[in-house]
Amino acid sequence: MDQGNSFDISNEFYNRALNSLAGGVNSNVRLAEAPHPLFYETAKGSEITDVDGNTYIDYVLGQGPMIFGHSPKFLLEAVNKASESGQLFAGQHLLELEAAEAVKELVPNAELVRFASSGTEAVEAAFRLARAYTKRNKIIKFEGQYHGWSDSVLFNTASPLSTPNPNGSINASAMSQGMAEASDSNLIILPWNDFEAVVSTFDQNGGEIAAVITEPIMCNTNCIMPKPGYLEHLKESCMKNNSLLIFDEVITGFRVSSGGAQKLFNITPDLATFAKAAAGGYPVSILTGKREIMSMIGSGEVMHGGTLNANVMSMAATKASMERLSDKEAQTNKKLNDLGGSLMKGLKEINARLELGMLIQGPGSVFAVSFTEGKEVFDYRSHVENSATDKYSTFVTGMMQKGIRINSRGIWFLSESHTAQDIQKTLSAASEVLESMAF
Ligand SMILES: Cc1ncc(COP(=O)(O)O)c(C=O)c1O
């Protein structure tokens, strides 16, 4: 099991990449991979192989999109076949219509749909639409939630605990240099899972709030589940104040159920954004929403564009993905949740046996692992206060050495290509690594 992996060729490529790519990578998120960003050569099913020939059971899965596993035959065939007839028409084609109809079948709030290429873009479109529809400016977002890297929302995703939070709302903290100075002026940042904070904000600013945006499960911070009734309360508050509720389903969409978190929790948001699992690794994002709101894009009152939107390859991948998710009557989602559930159960047993104080939480198809000395984590601050990130890093490095690739930020993704044997191998590796870590 222990491969004693070497990363020499990756290291050589990475040093070479530093001369041609800024930071040697194309997304800053990838800088976090230990021991340094690795180069990968092939990926099939649940496994991925790097340029040094190390093969891993992969729980990173492209940061979530690969719900069917790597290189699924049905998806490759659909994309290859479609692209032989053309790639981009700057005009309409049947596949985009079929893909939109298939999304409508699965997603409860999808009365109308727009496709784009990244989650960041879909969130931008949702904000613009919400502001145009309500004729208001302010948007409530929650600390520790990530909605893409644009100036309008890249705040407080990983803010220091010293960031002041007077009267329940949290001072804006920009997560990058170079963001336009006033870009936080229309954001209100609140702690998540704290319904009182939302009520008092609406009491003070109700008439100015265009929308509340939330990850329905806080996947970007320790996979925190909403407290019972929390999402229902958000919905009620938005309705009462004529504001829109936006679910950012970029991670939860098509993963936690075939219709996303909105189907899982039976709460229909006014607008929702999807990406990642929508097309098994092809660049697709989706804005879905109520007809009356989405029609403002359709009428041209609200601008939404994109040269590569709904290109043939992406639409073939979306259509094939939607068909697989629905055809098998949610077999994919059942499998993801069952596999994730048994992995979580096994990790919890190891934790109990070794008394490590690990926290393992999430819906199953995606979950998070952290070392909190048994403390509960229900929002961003309780996560940062209680999670020992140094211990988790040691765990990640140990797992990589044993051929198990996990994310340095604690989030684990499952695919339908993972097998019961993969789960067993992962649990024995985890047991060995955790036993060897001195606590
Ligand atoms: C919840 C959420 N929203 C939006 C985004 C941005 O999506 P993209 O990276 O496709 O721009 C992400 C990316 O991880 C995300 O997790």
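Which helix gives the most to the shell around the ligand? Helix α4 (residues 119–134) does, with 3 residues.

## Model and confidence

This is a predicted model, in which local features need pLDDT of at least 70, side-chain atom pairs count only at pLDDT 80 or more, and totals for chains, interfaces and linings use all residues. Residues are numbered from 1 along each chain as its sequence is written.

The protein chain has an average pLDDT of 95, pLDDT being the predictor's confidence in each residue, from 0 to 100. A score of at least 70 is reached by 98% of the residues. Among the elements of the chain, mean pLDDT is lowest in helix α12 (residues 389–401), at 94, and highest in strand β9 (residues 271–274), at 99. Helices (H or I, at least four residues) and strands (E, at least two) are DSSP runs, numbered from the N terminus.

## Ligand shell

There are 13 residues around the ligand, and Ser118, Gly119, Thr120, Gly148 and Val250 come nearest. A residue counts as near if its C-beta atom, placed from the backbone, lies within 6 Å of the molecule.

The shell consists of 5 nonpolar, 6 polar and 2 charged residues. Here Ala, Val, Leu, Ile, Met, Phe, Trp, Tyr, Cys and Pro count as nonpolar, Asp, Glu, Lys and Arg as charged, and the others, Gly among them, as polar.

## A three-stranded sheet

An open sheet is formed by 3 strands in the order β11-β12-β14, with antiparallel pairing. Its edge strands, β11 (358–361) and β14 (411–413), each pair on one side only. On average, neighbouring strands of this sheet are turned by 20° against each other, direction ignored. Axes are lines fitted to C-alpha atoms, for helices over the stretch in contact, and angles run from 0 to 180 degrees between N-to-C directions.

Two strands pair if DSSP finds at least two bridges between them; β11 and β12 (residues 366–371) pair over 4 bridges. Opposite alanine 368 in β12 stands glutamine 361. Helix α10 (residues 331–354) packs on the sheet and touches β11 and β12, its direction making about 165° with that of β11.

## Domains and their contact

The chain is divided into domain 1 (8–71 + 330–436) and domain 2 (73–327), with bounds from an automatic or database domain assignment. Their centres, taken over C-alpha atoms, are separated by 25 Å.

Domain 1 gives 30 residues to the contact and domain 2 gives 29; residues are in contact if their C-beta atoms, placed from the backbone, lie within 7 Å. On the side of domain 1 that touches domain 2, the elements giving two or more residues are α10, β12 and α11 (380–386). The largest share of that side, 5 residues, comes from α11. By class, the side has 15 nonpolar, 12 polar and 3 charged residues.

Technical notes. Two residues are in contact if their C-beta atoms, placed from the backbone, lie within 7 Å.
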